[in-house]
Amino acid sequence: MTETDDVKSIAPFGGEQNQKYARYATYASVTVASFLIILKVAAWSITGSVSILASLLDSMMDAFASVVTLIAVHRAMAPATSKYRYGHGKAEPLAALSQAAFIAGSAVLLLIQAGDRLFKPQELVETEIGLIVMVISIVATLGLVSYQAWVLKRADSVAIAADSLHYKGDLLANLAVIAALLISHYAGWHYADPILGVAIALFILWNSREVAAEALVMLMDRELPEEERNRMIEIARSYKDVLDVHDLRTRRSGPYRFVQMHVEFNGQLTLNRAHTVAEAIEMQVMDEFPLCEVMVHQDPGTPRYPKDDDPAAND
C-alpha cells in the first residue's frame, strides 16, 4: 500500500444532487402558496370569515417567505468568489430572519382584525364554500410538507426548514378555521370565528420566534451539534499516524459546513506522509458530511507510549 492508498477522492463540498432537491422544494412551495392565495381570496370574499382571512394572510406570508426562500437558496448555492471566499451561504439565515419579521408583523395585524370582530361579531355566510376551500388547502399543504420533509433528509437547509415550519403551522391553522366555520354555522356561536383567529395569530407569532432564533444561531456562527463534532474527532483519531486532535472549530453558513482542526503527528513523520493522512481525514469528513469544507492543520507532537513501553523507562 502506498502513502496515498487511504485517501478518498471526492469533490469539495459535494452534494450537487441534494442542492437540486432544495431548489425543487422552493419551486413547489411558491406554486402551492400562490394556489392557496387564489382559493382563500375567493372564500373570504364570499363568507366574510375572519378565520379564513387569518388563513389568507398566513398564505400570503407563506408566499412571500417562499419567494424569499427561493431567492436565498439559489443565492446560497452560488459558488465562492474572490470577494466572498466562504460562499454565499449566509443568504439563507438572512432570508429566514426577514421571514420572521414579516410573519410577526402580519400576525399583529391579524390580532387587530380579530379583536375588532370580537366586539362586533358577524354571522358568516356560505360556510360550505369555506369548508371546501379549507379541505383543499389542507390536502395541498400536507403534500407540500411531506415533500419538504423528504428534501430536508437529503439537503440541510435552514431556509427550507423555516419554510416547512410555516406550512406545518398552516395545517393546524386550517383545521382551526374548519372548526370555527362549523361552530359558527351549526352552533350559532359567532365568537368562535374571531377567537380562533386570535389563536392562529398567536401561533404564527410563536413560529416566527423559532424561525428568528434558528437564523440568529447560524448568523452568530454557533458550533455544529456535539454529535457531529465528536464524529469528526473520531474520524481523525482513527488514523494510526494521528497522536491527538485539538482546537476543532466548526460553523454553518446556509447549506455549508466549515470545519477546522489541529491534528498532531509524530514529529519524526515525513512531511509527505503527514500531508497524505491529513488529506485523507479531510476527504472522509467531507464524505460523511456533504457540503462541507475541511481544513486540517498539522502539528508536530510527541508519541505517548504506555508506561511499560516507554523507551525512556529503560535508560
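Colleague: Thanks! What pattern does the protein follow along the sequence?
Modeller: Reading along the sequence gives α-α-α-α-α-α-α-β-β-α-β. That is eight helices and three strands. Keep in mind that this is a predicted model.

Colleague: Noted. How many residues does the protein have, and what percentage count as buried?
Modeller: There are 315 residues, and 46% of them count as buried. As for contacts between residues at least 6 apart in sequence, 76% join residues at least 24 apart.

Colleague: Let's go inside, then. Which residues have the most contacts within the largest nonpolar core?
Modeller: Those are Ile52, Met134, Val177, Leu181, Ile200 and Ile204, in a core of 26 residues. Helices H1 (16–47), H2, H3 (91–119), H4, H5 and H6 each supply at least two residues of this core. The largest share comes from H5, with seven residues.

Colleague: Let me click on Met134. What is Met134 in contact with, leaving aside neighbours within four places in sequence?
Modeller: Met134 is in contact with Lys40, Ile52, Ser55, Asn174, Val177, Ile178 and Leu181. Ile52, Val177 and Leu181 are also on that list of core residues with the most contacts. Besides this core there is a second, separate one of 25 residues, which includes Leu224, Met261, Ile281 and Val285.

Colleague: I see Ile281 and Val285 in H8. How does the span of H8 compare with the expected one?
Modeller: H8 runs over residues 271–288, so 18 residues, and its first and last C-alpha atoms are 26 Å apart, close to the 26 Å expected at 1.5 Å a residue.

Colleague: And which residues of H8 are buried?
Modeller: The buried ones are Arg273, Ala274, Thr276, Val277, Ala278, Ala280, Ile281, Glu282, Met283, Gln284, Val285 and Met286.

Colleague: What do those buried residues pack against?
Modeller: They pack against helix H7 (226–237) and the strands E1 (242–253), E2 (256–266) and E3 (292–301).

Colleague: Changing topic: how many cavities of 30 Å³ or more does a search of the whole structure find?
Modeller: One. H2 (50–76), H5 (158–187) and H6 (192–219) are the elements that give two or more residues to the lining.

Colleague: Handy for a probe calculation. How do the cavity's lining residues divide by class?
Modeller: Five are nonpolar, three polar and three charged.

Colleague: Now the open side. How much space lies in the largest pocket?
Modeller: About 220 Å³. Of the 12 residues that line this pocket, Glu214, Glu223, Leu224, Pro225 and Arg252 are the closest to its centre. H6 gives the most to the lining, with three residues.

Colleague: And how many of the pocket's lining residues are nonpolar, polar or charged?
Modeller: Four are nonpolar, none is polar and eight are charged.

Colleague: A few single residues before I go. Is Gln148 buried or exposed?
Modeller: Gln148 counts as buried because its relative accessibility is 1%, and the cut-off for buried is under 20%. Gln148 lies in helix H4 (residues 127–152). Not counting residues up to four places away in sequence, Gln148 touches Ser29, Asp163, Ser164 and Tyr167.

Colleague: Last one: where is Pro290?
Modeller: Pro290 is in the loop between H8 and E3. It counts as partly exposed, at 35% relative accessibility. Pro290 and Ala155 are 135 residues apart in sequence, and their C-alpha atoms are 8.7 Å apart in space.

Definitions and conventions: Residues are numbered from 1 along each chain as its sequence is written. This is a predicted model: local features need pLDDT of at least 70, side-chain atom pairs count only at pLDDT 80 or more; totals for chains, interfaces and linings use all residues. Side-chain values use heavy atoms; hydrogens and water are left out. On a 1 Å grid over the protein atoms alone, a cavity is a set of points where a 1.4 Å probe fits but cannot get out, and a pocket is an open set with protein on both sides within 12 Å along at least five of seven lines; lining residues have an atom within 4 Å of a point. Grid points are joined across faces, edges and corners, and a volume is the space filled by probe spheres set on the points. Helices (H or I, at least four residues) and strands (E, at least two) are DSSP runs, numbered from the N terminus. Ala, Val, Leu, Ile, Met, Phe, Trp, Tyr, Cys and Pro count as nonpolar, Asp, Glu, Lys and Arg as charged, and the others, Gly among them, as polar. Buried means under 20% relative accessible area, exposed over 50%, partly exposed in between (1.4 Å probe, protein chains only). Contact means heavy atoms within 4.5 Å. A nonpolar core is a set of buried Ala, Val, Leu, Ile, Met, Phe, Trp, Tyr and Cys residues joined through side-chain atoms within 4.5 Å.
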